[in-house]
Amino acid sequence: MHTKILKNGTVLAFDDASATIKVLPQADVIIQGDRIAAILEPHQEADAGVLSNADVVDVSGHIISPGFVNTHAHTWQTAYRTLGPDTTLAEYFGWVSQMSPKIGEWTAEDIYVSTLEGYLEGINAGVTSYVEHAHCNWGESAMKAAFKGAVDSGVRVWWCYHPLPREDFDVIKQIDILRELKAQSSQTNDLIRMGLAVDGLDHMSDGQIQQTRQVVVDLEAEVLTSHYLGKPWPFAIGLPEIAAKHEFHKLRAPFIYSHAGFLTEKDQELLRLHDQYVSITPESEMHYGHGQDTSRLIHDQASIGIDTNWTFSNDILLQARLWLQNMRGHISTDILKRGNIPKQNPMSVVEGFLLATRNGGRSLRRDDVGVLRVGAKADIVCFDGNSVNMLGWTDPVAAVLLHSNIGDIKHVMIGGQFRKKDGQMILKIGDWDDISERFKQTSQRIQEVFREPPPLPSQIWDKYTFEDVKVGTAKLTR
């Protein structure tokens with residue numbers, strides 16, 4: 001078994017006893033196959049036989065972090081990038097979502113290269129694991145192209161396809177294809193795991209929900225995911241209670257609720273009772289107007305996601321930073337409104353870091369993902385601690401979460417394989433010049449097709465009235 005050693009870095013290891021980060025200065029990380037075989041501190045020595053046959057990478061001055069976990073993504077949409085900088089959720093559905101009347105304009109090539117480039121963007125930013133909410137469900141070619149993009153990216157993906165009845169693509173056919181894709185990937189690729197997206201449970205009969213549960217069992221799905229906003233949004237109302245009623249918690253697969261900005265006390269109680277997680281997507285929830293009120297009350301059962309990376313960058317570290325500062329500002333403002341002064345900072349840097357790493361693995365019930373410990377998957381990110389914006393650090397977690405940027409990421413390893421080394425991407429398949437040219441062609445064509453959003457109706461979901469948003473009056477002056 002081939003051995004790699006990351007030598008003499010500051011390791012952000014996970015300590016099970018304290019359930020938090022343990023900083024190990026000048027430590028060596030020994031990787032054999034796709035796992036971490038040892039983490040050695042300066043007073044410990046590696047076996048001479050291991051050292052003699054190992055590839056050694058000197059990471060002196062680097063901070064060695066676990067790879068980041070994105071627990072909510074729609075990566076096939078990457079080619080829309082910059083098309084909708086000011087769009088809202090209500091506009092999104094009829095314009096560029098999987099329900100758009102123009103969705104058939106996407107070819108298999110478009111889906112493939114858009115998906116692939118989106119994952120490569122994430123890898124470049126240190127994202128090593130994804131929970132992909134794959135709602136590319138309007139045809140067989142789109143479905144297979146998106147899956148192939150995941151496989152060819154070299155990233156770790158729980159691919160959660162969303163079966164949806166279509167006029168020319170019925171659900172039975174979709175499930176058959178899922179079985180086919182699962183059989184193919186299980187033989188050749190440990191990085192791709194099959195999950196299932198289960199949007200729409202609130203509109204199903206009891207019998208249909210039981211059929212959905214059976215599909216989960218038949219596919220041996222390793223994770224379930226669903227969009228869930230909560231009231232005042234008029235869809236998926238009471239979803240955790242529906243899932244509990246139908247005993248989804250008794251299935252093998254964990255359940256991740258994406259966004260979950262208006263969790264009730266009952267929702268929170270059920271999530272904790274059944275060890276289910278939410279995926280907070282901070283920038284998306286601000287950008288689209290989802291709203292985000294109560295997820296802050298359940299950080300013990302929360303992780304971090306991106307959602308639509310075409311509207312902002314595919315950088316989980318940035319999302320964790322945004323959520324950290326949003327939480328601090330929100331809670332401190334509440335105290336100030338009561339006429340008092342905040343005595344403590346309401347959220348720590350370590351808590352923000354764990355949401356993007358350890359909690360992502362926990363949401364999947366995987367103790368070997370999102371952590372650096374012996375036996376964990378070798379999904380590793382190395383930050384250059386000597387960069388101009390990180391130089392002088394004494395707290396490595398603060399250096400990563402508050403001061404680093406993508407340019408500081410020198411190495412990214414997924415399953416023991418370098419996907420970025422010395423700042424340069426190492427593609428699993430293909431040539432970057434070719435992929436980038438194909439992506440530009442797809443992006444230009446798709447964005448031209450979808451350039452103009454359709455007008456919004458006078459009401460949405462048959463009863464909800466739009467309200468104009470007051471905007472700032474600041475103007476540029478000479």
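1. In this predicted model, Asp16 and Arg373 form a salt bridge whose closest N and O atoms are 2.2 Å apart. Asp16 lies in the loop between β1 and β2, whereas Arg373 lies in the loop between α12 (358-363) and β14 (380-384), so the pair ties together parts that are 357 residues apart in sequence. Arg373 has a relative accessible area of 14%, and because buried means under 20%, Arg373 is classed as buried.

2. The loop between α12 and β14 also holds Lys377, which forms a salt bridge with Asp34, the closest N and O atoms being 2.7 Å apart. Asp34 is placed in the loop between β2 and β3 (35-40), and the two partners, 343 residues apart, link distant parts of the chain. As for accessibility, Lys377 is buried at 5%, while Asp34, with a relative accessible area of 27%, is partly exposed.

3. Asp28 counts as buried at 13% relative accessibility, whereas Lys7, at 37%, counts as partly exposed. With a nitrogen-to-oxygen cut-off of 4 Å, the count of salt bridges comes to 28.

4. Turning to helix packing, how do the axes of α3 and α4 cross? The axes of helix α3 (residues 108-124) and helix α4 (residues 140-153) come within 8 Å and cross at roughly 30 degrees. Because angles under 35 degrees count as roughly parallel, α3 is described as roughly parallel to α4; the crossing of α3 past α4 is right-handed. On the α3 side the contact includes Ala108, Ile111, Leu116 and Ile123, and on the α4 side it includes Ala142, Ala145, Ala146, Gly149 and Ala150. By class, the residues of this contact comprise eleven nonpolar, four polar and two charged.

5. Helix α3 also packs against helix α14 (residues 432-449), with axes that come within 9 Å and cross at roughly 120 degrees. The two helices, α3 and α14, are therefore oblique to each other, and α3 passes α14 in a left-handed crossing. Among the α3 residues in this contact are Glu109, Asp110, Val113 and Glu117, which face a group from α14 that includes Trp432, Arg438, Phe439 and Arg445. The contact of α3 with α14 has eight nonpolar, two polar and five charged residues.

6. Thr75, located in the loop between β6 (68-73) and α2 (89-95), deserves a separate remark. Thr75 is buried, with a relative accessible area of 1%. Once neighbours within four places in sequence are set aside, Thr75 is in contact with Ser114, Thr115, Gly118, Tyr119, Tyr130, Glu132 and Asn309.

7. Which backbone features call for a check of the geometry? A cis peptide bond joins Lys231 and Pro232, with omega at about 20 degrees, and Pro232 belongs to the loop between β10 (224-228) and α7 (239-245). Glu220 has a positive phi of about 55 degrees although it is not a glycine; this residue lies in the loop between α6 (206-219) and β10 and is partly exposed, with a relative accessible area of 49%. Asp275, likewise not a glycine, has a positive phi of about 55 degrees. Its place is in the loop between α8 (265-273) and β12 (277-280), and Asp275 is partly exposed, with a relative accessible area of 22%.

Methods. Residues numbered from 1 in each chain as written. Predicted model: local features only at pLDDT ≥ 70, side-chain atom pairs only at ≥ 80, totals over all residues. Heavy atoms only, no water. Salt bridge = Lys/Arg side-chain N within 4 Å of Asp/Glu carboxyl O. Buried < 20%, exposed > 50% of the residue type's maximum accessible area, 1.4 Å probe, protein only. Helix = DSSP H or I, 4+ residues; strand = E, 2+ residues; numbered from the N terminus. Axes fitted to C-alpha atoms, helices over the stretch in contact; angles between N-to-C directions. Parallel < 35°, antiparallel > 145°, perpendicular 65-115°, else oblique. Left-handed = near helix turned anticlockwise from the far one by under 90°. Contact = heavy atoms within 4.5 Å. Nonpolar A, V, L, I, M, F, W, Y, C, P; charged D, E, K, R; others polar.
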